[in-house]
Amino acid sequence: MQLAALALAIVSSPGLGAEVYLAPEKLLAESFGASPPKPSILWIAGDTRDAVERILGHSAGALRVRYWSQEGRTAWILEEIGKTEPITTGIVVDKGAIARISVLVYRESRGWEVRYAFFTDQFKGATLTALRELDRNIDGISGATLSVRALTRLARVALLLDAEVRKAKTSR
Amino acid sequence: MKRKSRQQLGVLCLSGLAAGLFASGLALAQDREPSQEEMWGIIQQQQREIEELKARQSATDEKVEATADRIEEVTVKEPAGGMVEGWWNKTSIGGYGEMHYNGGDQDQIDFHRFVLFFGHQFTDRIRFFSELEVEHSLVGESKPGEVELEQAYLEFSLTDRIQSKVGLFLLPVGILNETHEPPTFFGVERNIVETNIIPTTWWEGGVGAHADLGAGFSTDVAVHSGLNVATTGSSAFLPRGGRQKVANAVAEDPALTGRMKWTRIPGVELAVTAQYQDDLTQGQDVDAVLLETHASIRRGPWWLRALYARWELGGDLPKAVGRDEQYGWYVEPGYVFGTAKGDVGVFARYSQVDNTAGDTTDSKIKQTDVGLNYWPHPQVVLKADYQFLDVPAGQIGDDRINLGVGFMF
């Protein structure tokens, strides 16, 4: 997982465009309406970092992650490597449940099916169990096993971070 | 008024924001009660101190953010130290491997495959993929192993729905040919249909294109080097023996392969592939058509794979030895369930293969496999299965246990 800022930098690079399926700005506009909130920063530290790294199965890399929050809804732009290339993914969490997951940039040679709604719709409504697993099975795509697993991990991370944000707001 | 001043002083004491001033205030209070003007002065001075601390805090926050920015740049993007933008930023490696034990008459242990993947992203639209394989561990004269370039191609993204490739690539046919990392399939050894009818792993040199047609449909087409099968001997007209592996390969008669795939439902893949080669012998006028269709389904814990493949060879030579028709099929149900220590899957597979189906003699090979996979990690697998081999009269069958370990990364 890398920074949303990095994702934004990548998708806004000149010359790219072929694999950018959805611009982050459009994701935010579709998720929050005409005036999306300004981004906030969540530091990935302490127990949160441990939990994120347990889900990812490797170092979290980023020290902070940028997110957008409004009225119980948070949006995250996260990256995780599928087979060999990072998949840039936008995840919207509404009151602790996945409202939307969209592949923003896909760079792998195969497994492009993961960007379609017929795959990503499986995540809608998913929540995190006490063991920080998704509360449902996600059927994969033949030949794209690693990409499917990467998206599933990102969904779990987004739910975890969303819970951290809500916890922080409650304790204020 | 005095009481009020003391209260203000008490509140200020508790705030603890300006220890020095505080000390002086206390000292003053010990000598005598401060006047209202003196208290106002102290409060104003403390307010200035607070503003200054706030400014320092803001500056510190900015420094921390800037430090984090730089650390992330160095650790995430520039592992060499962040001084230059190097190839390592765009190059990836991976690999897979599998070691097998085959019981029965075979009774041997073999590190069957060790494959290293190297990829490089030249630009966002141009990428390189490669796989270098060592088969059977030991390579050399009279040694069992081989070093093979299994993939090496450039891929170009033409639009968000169309990619083209040129180089040495895996043909779009069957279930295993493009996806054969050990943790992705059941059975220690690959099934006999995708070994003897579809000569997996099957790569050729040429150009190809992939198009996403929408609604779950996609298509692949490729023009590439063809097989060059033997025309005499026990291996005559067998596709597996005809792979030239793009090694100074005869290219007189290229082949054309096309596949249509449907993946509209998660976990479900339905596909059909056709290949035409003008001359399978690269000189003896044996035209050939391969047709293949399969279903690969993984829904929840349920697993089902079924595949049918058939070769039709033209000309008189194949017909004379009964190899003008060759076909095979298999069906493989399975069930995968999670445990606290990883997933476990059980499967059964029934396969039939006939590479000499064009004559009336019984040449059909039937194989039944039952076994299990255990994944302690999604990318690591331990396998065990038992195979029952039913061969035509005159051939020697070999019922045996197979054990394997495999990984991918």
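Two strands pair if DSSP finds at least two bridges between them. Strands (E, at least two residues) and helices (H or I, at least four) are DSSP runs, numbered from the N terminus. Keep both terms in mind for the tour.

This is a predicted model: local features need pLDDT of at least 70, side-chain atom pairs count only at pLDDT 80 or more, and totals for chains, interfaces and linings use all residues. Residues are numbered from 1 along each chain as its sequence is written, while chains are lettered from A and ligands numbered from 1 in the order in which they are written.

**Stop 1: a hairpin in chain B**

Select strands E6(B) and E7(B). They form a hairpin with two residues between them. Click on B:Ala215 in the turn: its phi is positive, about 55°. E7(B) covers residues 217–224, and eight bridges pair it with E6(B) in the antiparallel sense. One pair to pick out is B:Gly206 with its bridge partner B:His224 in E7(B).

Nine bridges join it to E6(B), residues 203–214, and the two run antiparallel. Here B:Val166 has B:Val207 as its bridge partner.

**Stop 2: the sheet of chain A**

Select the strands of chain A. Five of them form an open, antiparallel sheet in the order E1-E2-E3-E4-E5. E1 (39–43) and E5 (97–105) of chain A stand at the edges with a single partner strand each, so one side of each is left without a neighbour in the sheet. From one strand to the next, the twist averages 30°. (Axes are lines fitted to C-alpha atoms, for helices over the stretch in contact; angles run from 0 to 180 degrees between N-to-C directions.)

Zoom in on E3(A), residues 73–81, and E4(A), residues 86–94: nine bridges pair them. A:Arg73 has A:Asp94 as its bridge partner. Next, show helix H2 (residues 24–32) of chain A. H2(A) packs on the sheet, touching E2, E3, E4 and E5 of chain A, and its direction makes about 150° with that of E3(A). Residues are in contact if their C-beta atoms, placed from the backbone, lie within 7 Å.

**Stop 3: where the chains meet**

Show both chains. The contact takes 34 residues from chain B and 30 from chain A. On the chain B side, H3(B) gives the largest share, five residues.

**Stop 4: colour by confidence**

pLDDT is the predictor's confidence in each residue, from 0 to 100. Chain A averages 84. Confidence in chain A is lowest in helix H1 (residues 4–11), at a mean of 37, and highest in E5(A), at 94. Where pLDDT is low, the predicted coordinates should not be read in detail.

Notes. Contact = placed C-beta atoms within 7 Å.
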